[in-house]
Amino acid sequence: MEPPHHALLRGLRRTGPHRRDGGRAHRARHDALLRGPLTEAHRYFLGIDEDGVSYFALQKDSLPGRIDQSARPAGLREAGLLLSARDVGLMVHAVGLENWQRTHRFCSRCGERTVIAAAGHIRRCPACGAEHYPRTDPAVIMAVTDEDDRILLGRQVHWPEGRFSTLAGFVEPGESIEQSVRREVHEEVGITIGQVEYVASQPWPFPSSLMLGFMARATSTEIEVDGDEIHEARWFSRDELRAAFESGEVLPPYGISIAARLIELWYGKPLPTRSVA
Ligand SMILES: [Zn+2]
């Protein structure tokens, strides 16, 4: 289930600008925000742009009667296609903070209820003094290709028929990200991986991942899906993938996902879409 991003999307508000004194008042305000009164339970500071405008995420519940009635909820996957790169960044930041806040209300050291601090960037334990910071869980996502330059795409067990994408998984304790790529691919589809090349990363707050994207070269081709996470996996040549997209047999990945970028990198140009409605 997706977290309630819409609460934050609708709450994104800007304040300022107030850079009239070379930024001194602005910096003082910034510092005050980061020290943050403990009552800042519904407002998270996200940053300041080059014009001195401060950005906050507000929880919907803190805005009774102040939400435009024409507003409607939208998830990050939908909103990501509509917003500018900067606003997507703000929203991902806000959603990531909110996901962390909602699941870290108690101290993991002593069990006491924690309080919010530093404008939403720390939760502090009044009993033992521990400070807890937002966490990010590294995950790997990889476009696996074979000697014939085909790509391997898989369908997770809970995905609809036809939804194929790159394989992905979480980095485990004590593991390098390259080891993680090789282990995940082998566990999920039984393919062995040789060369692993880092491409790019993407924050993915579902609920708190940082997706590290790779191109990975397979040294075997025989697929054996685990049936646990991956239900089905197939090799595609470029022609086969194009035909599968166009016929609707395979649904393209979400437009904002790094999976789409990795597949496109292999494909060599923008991915084709279905040719019939
Ligand atoms: Zn504690």
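**View A. Pairing of strands S7 and S9.** In S9, Leu167 is the bridge partner of Met142. S7 and S9 (residues 167–170) run antiparallel and are joined by four bridges. Strands are DSSP runs of E with at least two residues, numbered from the N terminus, and two of them pair if DSSP finds at least two bridges between them. The model is a predicted one, in which local features need pLDDT of at least 70 and side-chain atom pairs count only at pLDDT 80 or more, whereas totals for chains, interfaces and linings use all residues. Residues are numbered from 1 along each chain as its sequence is written.

**View B. Strands S7 and S11.** S7 spans residues 137–145 and S11 spans residues 209–218. Their pairing is parallel and extends over nine bridges. Arg217 in S11 stands opposite Thr145.

**View C. The hairpin of S7 and S8.** Strand S8 (residues 151–156) pairs with S7 in the antiparallel sense over two bridges. Leu152 in S8 lies opposite Val144. Five residues lie between the strands of this hairpin, where Asp149 adopts a positive phi near 60°.

**View D. The open sheet S4-S5-S6.** Three strands, in the order S4-S5-S6, make up an open sheet with antiparallel pairing. S4 (115–117) and S6 (131–132) are its edge strands, each pairing on one side only. Three bridges connect S4 antiparallel to S5 (residues 122–124), and Arg123 in S5 stands opposite Ile116. In general, strands of a sheet pair through backbone hydrogen bonds, in either a parallel or an antiparallel manner.
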